[in-house]
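Dear colleague,

I am handing over the structure below, and my notes on what was found in it follow directly after. Please keep the two side by side as you read.

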Amino acid sequence: MSALAAYSTSTGEAFQFWTLGTVAVIGALCTVFMKRAVHSALCLAGTMIILAVFYLANGAYFLGIVQIVVYTGAIMMLFLFVVMLVGVTAADSLKETIKGQRWLALLSGLGFGILLVGGIGNASLSEFNGLGQANANGNVEGLATLIFTKYVFAFEITGALLITAAVGAMVLTHRERTERAMTQRELAEKRVRDGKHLPPLPAPGVYARHNAVDIAGLLPDGTPSELTVSKTLRDRGQIRDVSTEAIADLKALQQRSEERLERDEIEPPHFTRKTEREAEEASQ
């Protein structure tokens, strides 16, 4: 029964393979043909996640988790970080800086295709050992035995490539300083000479009805101050303008104050009339 199970495929397994396999192939093709490097890296990350699903479906649980955590979660995110840090876009020059690199790329692709066809042919023509024999002492031990015995050379070459990629990323992002860094005193003197804003910036919402970061502070005349809000929020258009409301409130307060003063001038306060009446009674 175990021998027959190794060669038989259930309906669910076939549906999973053809569905996810199609998506994986599309992701791989998008990795090659996408114009932007960031989009290519994202497509490759999706293909790696589908490979992890295949590993889990075939009983290689440790390898599936490693595929997600290490390759997709760490290495691919490192690739994305390097691409965004270096700034590789579709506008970069396609002119070859190293002669013959296209022919080397074609030869490398041809060699990889031969290895892929050979691996598929070997898997199709040879007998299956089965998951029971491969994971006889556990998936982790079986995987470690293959990595550090049969495939130790490929494992070391992969590690060397990853280290080279990390070093290359640091070299590409390194910028040599061409002039001496200015001290704090020199920066302060430069701000004074340029006539920039010297004291600390006012906090958001000063003299306004709210003190949220998206509400500009008001100057004494009621106009908003752009220095009190973040430039990022201002560029996004996420600043709430309360200047009109604040000015209206100030005008209403001023009008109420004027009306109160006029009323007090026309009609003396109550305590004043009482004081005068008490003075007349006392004199009588």
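**Aromatic pairs**

A search of the whole structure, which is a predicted model, finds 3 aromatic pairs, where rings of Phe, Tyr and Trp (its six-membered ring) pair if their centres lie within 6.5 Å, and planes under 30 degrees apart count as stacked, over 60 as edge-to-face and the rest as tilted. One of them joins F17 and W18, edge-to-face, at 5.3 Å centre to centre and with 75° between the planes. F17 is partly exposed at a relative accessible area of 45%, while W18 is exposed at 61%; here buried means under 20% relative accessible area, exposed over 50%, and partly exposed in between (1.4 Å probe, protein chains only). The pair of F148 and F155 is also edge-to-face, because the ring centres are 5.7 Å apart and the planes stand at 65°. F148 counts as exposed at 54% relative accessibility, and F155 is partly exposed at 40%. Ring pairs also link F17, W18 and F54 into a cluster.

**How the model is read**

Residues are numbered from 1 along each chain as its sequence is written. In this predicted model local features need pLDDT of at least 70 and side-chain atom pairs count only at pLDDT 80 or more, whereas totals for chains, interfaces and linings use all residues, and side-chain values use heavy atoms, with hydrogens and water left out.

**Chain and surface**

The protein chain has 12 helices and 0 strands, taken as DSSP runs numbered from the N terminus (helices H or I, at least four residues; strands E, at least two). Buried residues make up 14% of the 284 residues in the protein chain. The chain exposes about 22,600 Å², of which carbon and sulfur atoms supply 65%, with areas from the Shrake-Rupley method and a 1.4 Å probe, and with only the protein chains shown counting as cover for residues.

**Cysteines**

How many disulfides does a search of the whole structure find? The search finds 0, a disulfide being a pair of cysteine sulfur atoms within 2.5 Å. C30 is in no disulfide, and the nearest cysteine sulfur, that of C43, is 4.5 Å away. C43 is likewise in no disulfide, with the sulfur of C30 as its nearest cysteine sulfur at 4.5 Å. At 24% relative accessibility, C30 counts as partly exposed.
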